[in-house]
Amino acid sequence: MSTPSTLLAVKGVTTFYGKIQALRGVDLQVAEGEIVALIGSNGAGKSTLMMTICGNPRARDGSITYDGKEITRLATHEIARMRVAQSPEGRRIFARMTVLENLQMGASLDNLAHFAADSERVFALFPRLKERIHQRGGTLSGGEQQMLSIGRALMARPRLLLLDEPSLGLAPLIVRQIFDAIRTLNREEKLTVFIVEQNAYHALRLAHRGYVMVNGRITMGGTGRELLEKPEVRAAYLEGGRH
Amino acid sequence: MNSPSDSLAPTLDTQPEGEQLQNEERIAAAPGEIAPPSPRGDLAWSAKEALIAGVVALGMFTPMIGLLTDQNINNEVILVTRWPLLAAVVIACAAGRFAIAYFIRPYLAAKRAAPSRPVARPAWRATVSRWFPVVGTILLVFFPAIVLYTSGIAGSIKWVDNFGVQILIYVMLGWGLNVVVGLAGLLDLGYVAFYAVGAYAYALLATHLGLSFWLLLPLAGLLAACWGVALGFPVLRLRGDYLAIVTLAFGEIVHLVLLNWKEVTGGGAGILSIPKIGLPAIHIESYVSLFGMTLPKFAFFNIKFDASPEGFAHLFGLPVSSAYYKIFLYYLILILAFITAFATARMRKLPVGRAWESMREDEIACRSLGINTVTTKLTAFAIGAMFGGFAGSFFAARQGSVFPDSFTFIESVFIVAIVVLGGMGSMIGVAVAATVMIGGVELLRELTFLKQIFGPDFNPTQYRMLIFGFAMVVIMLWRPRGFVQTRTPTVFLFKRKAISADMVQEGHG
Ligand SMILES: Nc1ncnc2c1ncn2[C@@H]1O[C@H](COP(=O)(O)OP(=O)(O)OP(=O)(O)O)[C@@H](O)[C@H]1O
Ligand SMILES: [Mg+2]
């Protein structure tokens, strides 16, 4: 399989929270049009990596390049303007604003140029959101908030979508819906997706490639199927069976 | 004895006064409906609570109320005791605690436990919230006329100036601070600094350079906005309580500078005889010929509100009175306040306003959506400060003099209290809160009959902070999130699709 051009490259990145080192030299690549999954146990540093890519916190050493440009030292909003959208850990939707206003915020990069069309697209993916269009974000259920968080990220028309545990706390049916939606976006719109997941089985089946992170380092990488076969992965993240 | 309205109160309080009567009649007519007895608390427990409250009050108020140091004729310090007053206060505390424990708490508990009818925002509320701004605006516009009609020219001065203008200044300040606190979510306890900058900018430039108010008003706003940015820069990384402390310090610094920089500000003596505002007018000064055409050359001038032959009264053939100036000031501050309101309402729907609100909700998410939170914060501070500066220059012109003591921390507290009581972010709420709090304090002056009860030395205005504080506690208990608790969304799609296209164009300017 010939690899297309690399969209995101992370090289030797270390990140500190004060004196605590959360990332100890991370290397990974995401190619254009690819779905890449990152799995690892709690506290491994997955969310930290995702936030570091977005510039908050900044990497202390190493480099992050996106679309051939160095973004390691850029401010978060400048990175976002390069069409890197994120559904962060904890969803972080705007609680007092309505569903529609949340989506509107996602579209602020284009000054709402494609707002009507893009919101229809999000509602096609998540019809539940359309039913709750004028409900305040904070009163949505956890799953609906997750949908809104992903929908808001999509409103920015991203080239690279970063998803931090989109399946967290969701019913299996909804998880499948969300994963189907990601697959569809990837196939039909060539959206590049970097996804952090606890739900390793689903994530690795969804992804073209995957990485395993342990203690702030990438310890394994490969295609999704390869990783699913590995006994270490099965033992640590799949308990030897399906989920 | 239980009156029917007593026991029905829990379900009726969501309905309008008018409907209440009908309901009572209907329920009274319904056969077999027995009003349940009013709930009562545990008598022994309530008595014990009352006793504890009494003891605590005795311990606390003995040094505060029971004992008083005074000076006798020989300038010696003597100890005066006020046991009857102390006894009255202690008994009042105990009785109050008993009433709460025995009557109020069980009542509230029963009210909470009562199966609440699913009343989702009754229809009359929607009507009120739809029409309140309209009716309020009409009332405000006709307020001077109403007052003139009811109390005559001389009598109107007090109402227009002390009530109208005074309240509207605080409405405007509240609306200005609302941008910073309510929309952007930045707790600013030093807002009075910008008010002061506006006031001193007008006072200094008008007295030294003799510039007109109409020129200095925008200048004062601009200056205040610059100070807003100056405050904004150092506090960019601060949030919540830390931000509040730094802004508080900023307000104090400005106050101290005004007090101590005597060469410029006049120190505690302030700046006196600040020029009044004139009514702007145009007249044709001369004619100039341009390309063969004769064109009028206009000149701007101000009609002064004084007794001179060119003054307002003479010009319009009216009897000389200061009431015209007050009414003029009233309309001026009304217009300024409305400009603030319209500008804020408009900005909420523009990208900058949406950025403010999303920053208030979640700064990190806001940044990851491509919003520059640095400029967002600075614009919030600048715009809020600008409105404060406008209000300040108006204040200086209206007073005719400015003193540093008009710009103390307590003013900031008043303004923040108005925004919080109004329900952060709601402009109607802020206006209502300003009217209640400032109007209430002004009304205290009217309560002269209290002198007959408490003696001629009684001055109700001395109790304004006490009453202000008490009112705040009551309002916050009654409506914990302010008068207007709902936030109006800025976008409704699928009803009027035109909105989004409309906003795109405005967004690009
Ligand atoms: N703001 C912070 N300050 C200090 N330490 C932090 C902070 N955020 C994360 N950490 C630490 O950094 C390490 C990595 O955290 P991170 O959130 O990246 O883990 P994670 O892999 O996303 O875990 P999970 O699967 O539980 O979400 C943890 O040890 C955590 O305690
Ligand atoms: Mg995480």
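## A salt bridge between the chains

B:E361 and A:R96 form a salt bridge, with their closest N and O atoms 3.8 Å apart; the term covers a side-chain nitrogen of Lys or Arg within 4 Å of a carboxyl oxygen of Asp or Glu. This is a predicted model, in which local features need pLDDT of at least 70 and side-chain atom pairs count only at pLDDT 80 or more, while totals for chains, interfaces and linings use all residues. Residues are numbered from 1 along each chain as its sequence is written, chains are lettered from A and ligands numbered from 1 in the order in which they are written, and side-chain values use heavy atoms, with hydrogens and water left out.

Between chain B and chain A the count is three salt bridges. The same rule-based look at this interface finds eight residue pairs in polar contact, both residues being at pLDDT 80 or more. A polar contact is a pair of N or O atoms within 3.5 Å; within protein, one must be able to donate a hydrogen and the other to accept it, and residues adjacent in sequence count only if both atoms are side-chain atoms. On the chain B side, α12 (351-361), α13 (363-368) and α19 (498-508) each supply at least two residues that touch chain A. Helix α12(B) gives the most to that side, with seven residues. Helices (H or I, at least four residues) and strands (E, at least two) are DSSP runs, numbered from the N terminus.

## How much the chains bury

The contact draws 30 residues from chain B and 31 residues from chain A, where contact means heavy atoms within 4.5 Å. The size of an interface is often given as the accessible area lost when the parts come together. Here, about 2900 Å² is buried between chain B and chain A, and carbon and sulfur atoms give 60% of it. Buried area is the accessible area (1.4 Å probe) that two parts lose on being put together, summed over both.

Chain B itself holds 19 helices and four strands. Of its 509 residues, 40% are buried; buried means under 20% relative accessible area, exposed over 50%, and partly exposed in between (1.4 Å probe, protein chains only). Among chain B contacts between residues at least 6 apart in sequence, 70% join residues at least 24 apart.

## Two domains in chain A

Now to chain A, where the assignment gives domain 1 (1-83 + 160-168 + 190-243) and domain 2 (90-157); such bounds come from an automatic or database domain assignment. Nine residues from domain 1 of chain A and nine residues from domain 2 of chain A make up the contact. The centres of the two domains, taken over C-alpha atoms, are separated by 25 Å.

About 680 Å² is buried between domain 1 and domain 2 of chain A, with carbon and sulfur atoms giving 58%. A:R83, A:L161 and A:P166 supply 58% of the area that domain 1 buries against domain 2, more than any other three residues. A:R83 also forms a salt bridge with A:D110, the closest N and O atoms being 2.8 Å apart.

## The magnesium site

A:S47 (OG) and A:E89 (OE) coordinate the magnesium ion (ligand 2) at 1.9 to 2.3 Å. The pair links distant parts of the chain: A:S47 sits in helix α1 (residues 46-53) of chain A and A:E89 in the loop between β6 (84-87) and α3 (99-106), 42 residues apart. Donors are N, O and S atoms within 2.8 Å of the metal (3.2 Å for Na, K and Ca); water is not among the atoms, so sites may look incomplete. A:S47 is buried, at a relative accessible area of 15%, whereas A:E89 is partly exposed at 42%.

## Backbone details and a buried serine

Most residues other than glycine have a negative phi, and most peptide bonds are trans. The peptide bond from A:N56 to A:P57 is cis, with omega near 5 degrees, and A:P57 is placed in the loop between α1 and β4 (61-66) of chain A. A:D67, in the loop between β4 and β5 (69-70) of chain A, has a positive phi near 55 degrees and is partly exposed, with a relative accessible area of 30%. A:R92 has a positive phi of about 50 degrees although it is not a glycine. A:R92 lies in the loop between β6 and α3 of chain A and counts as partly exposed at 28% relative accessibility.

Finally, A:S149 belongs to helix α6 (residues 142-155) of chain A and is buried, with a relative accessible area of 0%. Leaving aside residues up to four places away in sequence, A:S149 touches A:S87, A:P88, A:R91 and A:I93.
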